[in-house]
Amino acid sequence: MPHANPGIHHLQVGDVLVTALNDGQFHAATEYVTGVPAAECEALLRDSFRPLPPRITVGCFLLRFGGRHVLVDFGGGGAMGTMLGHAGSRLAAIGVAPEAIDTVLVTHAHVDHVFGLVDGDGAAVFPKAEIVISGIETGFWLSAENESRAPEGARQYFGIAQRALAPYRDRIRHVADGAEALPGITARLFPGHTPGHSGYQIVSGAETLLIWGDIVHLPGIQFARPEAGMGFDIDGDQARRTRARAMDMTAQDRILLAGMHLDFPCFGHVVRRSGGGYAFEPVVWAPTESGPFGG
Ligand SMILES: [Zn+2]
């Protein structure tokens with residue numbers, strides 16, 4: 001497939017080489033959106049030249065620094081046919097073997113973030129990796145009581161989270177809000193989408209990148225109307241408050257961010273719009289080869 005987009009994009013953050021790996025896209029519907037009428041969502045999508053019905057991009061990130069190979073999530077694996085599950089071929093294309101991955105930082109245990117951690121037989125894709133995740137998150141998804149209390153349509157997601165984490169059960173390390181997940185990387189609890197949903201903030205030298213997980217699923221809608229939630233948020237009101245806080249903070253402090261469902265290659269800044277709401281300004285691509293500007 002010589003014309004296929006490689007789905008791989010590198011960005012240097014201090015000493016950390018961050019690589020966005022696209023896992024695919026899945027079909028969504030404006031009916032998934034809560035808090036903003038479907039007609040308004042459709043108008044926003046049309047005005048931003050996006051497909052209707054909308055699609056949700058799925059990505060994950062590889063961090064390379066100090067001899068380490070760290071993933072942040074790993075897509076949906078075989079959960080959605082050929083729509084998702086492409087992160088593995090991206091990783092192979094840049095020559096990183098599964099055995100080289102030492103750590104996986106997990107934002108939350110939804111299917112499109114963790115099911116890529118296991119193969120079709122339920123075995124670990126990353127035989128040497130430690131899983132780092134919020135204890136609130138595993139406490140929620142690994143609870144038989146929560147599973148039995150969940151609405152019938154949502155119950156399958158417990159089984160998926162349990163299956164994805166099962167082969168790693170002896171190498172899970174819990175990380176609390178504000179704690180160091182790895183040297184230079186701090187966990188940030190952003191609850192609501194799921195109870196333990198967390199971002200990871202990388203600081204290296206003078207540079208910072210916040211990987212904010214699923215603060216946004218549909219960039220064409222939710223930056224303009226951050227009150228728009230998703231029907232599969234576990235606590236929609238809390239997710240809304242978290243999104244308001246995250247957008248306010250990243251716009252105010254001009255923080256570079258990355259998100260799993262932002263448009264590939266997923267890096268950019270939040271800016272406040274004068275008429276209300278926000279906009280997302282993607283990082284503009286630049287060549288990395290040495291030239292008259294150095295680099
Ligand atoms: Zn997601």
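User: Among contacts in the protein between residues at least 6 apart in sequence, what share joins residues at least 24 apart?
Analyst: That share is 68%, where two residues are in contact if their C-beta atoms, placed from the backbone, lie within 7 Å. This is a predicted model, in which local features need pLDDT of at least 70 and side-chain atom pairs count only at pLDDT 80 or more, while totals for chains, interfaces and linings use all residues. Residues are numbered from 1 along each chain as its sequence is written.

User: How many helices and strands does the protein have?
Analyst: The secondary structure comes to eight helices and 16 strands, these being DSSP runs numbered from the N terminus, with helices (H or I) of at least four residues and strands (E) of at least two.

User: Which residues of helix 8 are buried?
Analyst: They are Ala 239, Thr 242, Arg 243, Ala 246, Met 247 and Thr 250; buried means that 20 or more other C-beta atoms lie within 10 Å of a residue's own, exposed means 12 or fewer, and partly exposed is in between, with C-beta atoms placed from the backbone.
Analyst: Seen down the axis of helix 8, the buried residues fall within an arc of 130 degrees (taken from the directions from the helix axis to the C-beta atoms), so they line one face of the helix.

User: And what sits on the face turned away from the buried side?
Analyst: That face of helix 8 carries the exposed residues Asp 237, Arg 245 and Gln 252.

User: What covers the buried residues of helix 8?
Analyst: The cover includes strand 12 (207-211), strand 13 (229-230), strand 14 (257-258), strand 15 (267-272) and strand 16 (278-282).

User: Which residue with positive phi follows helix 8?
Analyst: Arg 254 does, with phi near 55 degrees.
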